[in-house]
Amino acid sequence: MGQVHVLDHPLIQHKLTYIRNKETGTKEFRALVQEVSMLMAYEITRDLPLAETEVETPVARAKTRLIAGKTLTIVPVLRAGLGMLDGILNLIPAAKVGHVGLYRDPETLQPVEYYCKLPPNVEDRDVIVVDPMLATGGSAAAALSAVKARGAVRPRLMCLVAVPEGIDVVQKTHPDVDIYTAAIDEYLNDHGYIVPGLGDAGDRLYGTK
């Protein structure tokens, strides 16, 4: 069973407070989401494998280490996941980027994939699917299914806030996937919003309603 990791670093929790605040404007909200995403990426990548190498310093030859294997692939779920992308790329500029687009069928209310494009050789890469909110879990599960169908092996899911209902759906659908979140909130309300949550992440990122 995949594990749930709550990233409780003080800087992450501090910035998440301002992200939650309804008084935080679009510009600051966007910057904070990028900052928290970068800090979360630092935590999520601490288990990447390393390979030994050598470099010539100005003083002597040194045995050092580099990340082994192919680069990471970051897959934001459109559209809100895009708000997390630049923060991660600031930390890992060599990462490849894929995209998954989903919409909700108005009759079945189930997520429907309308776009998915990933870098080549994704089966050899560490894949992180990013979306600010893990609410019902339907979109996250569908996004994970989409990247797996194209060859991703045991992708990981990274979100700012989650609720037990969404975690349960992802774990039942993808029991091999680790979930990384900055907070596990209380519940979903009747409109499908995370409580206390942070509102609609996409609207707050892009100033839409």
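Which residues does the UniProt annotation "binding site" cover? I found Ile194, Gly199, Asp200 and Ala201 under that annotation, in an unreviewed entry. UniProt positions are in the numbering used here, feature names are shortened, and annotations may be inferred rather than shown by experiment.

I note that the model is predicted: local features need pLDDT of at least 70, side-chain atom pairs count only at pLDDT 80 or more, and totals for chains, interfaces and linings use all residues. Residues are numbered from 1 along each chain as its sequence is written, and side-chain values use heavy atoms, with hydrogens and water left out.

**Entry: annotated site and largest pocket**

I looked up the pockets on a 1 Å grid over the protein atoms alone; a pocket is an open set of points where a 1.4 Å probe fits, with protein on both sides within 12 Å along at least five of seven lines, and lining residues have an atom within 4 Å of a point. The largest pocket has a volume of about 700 Å³, a volume being the space filled by probe spheres set on the points, which are joined across faces, edges and corners. I recorded 26 lining residues, of which Arg104, Asp131, Met133, Ser139 and Asp200 lie nearest the centre. From the UniProt set, Ile194, Gly199, Asp200 and Ala201 belong to the lining of this pocket.

**Entry: Ile194 and Gly199**

I placed Ile194 in strand β13 (residues 194–195) and Gly199 in the loop between β13 and α6 (201–206); helices (H or I, at least four residues) and strands (E, at least two) are DSSP runs, numbered from the N terminus. Ile194 is buried, at 6% relative accessible area, whereas Gly199 is partly exposed, at 33%. Buried means under 20%, exposed over 50%, and partly exposed in between (1.4 Å probe, protein chains only). Leaving out residues up to four places away in sequence, I found that Gly199 touches Met133 and Tyr193, and that the contacts of Ile194 include Met133, Val161 and Asp185. Contact means heavy atoms within 4.5 Å.

**Entry: nonpolar core**

Of its 36 residues, Ile19, Met40, Ile74, Met158, Leu160 and Leu198 touch the most other members. Helix α2 gives the largest share, seven residues.

**Entry: annotated domain**

UniProt lists residues 6–208 for "domain: Phosphoribosyltransferase", in an unreviewed entry. Over residues 6–208 I noted 33% helix and 29% strand, with the end C-alpha atoms 29 Å apart.

Conventions
Core = buried A, V, L, I, M, F, W, Y, C linked by side-chain atoms within 4.5 Å.
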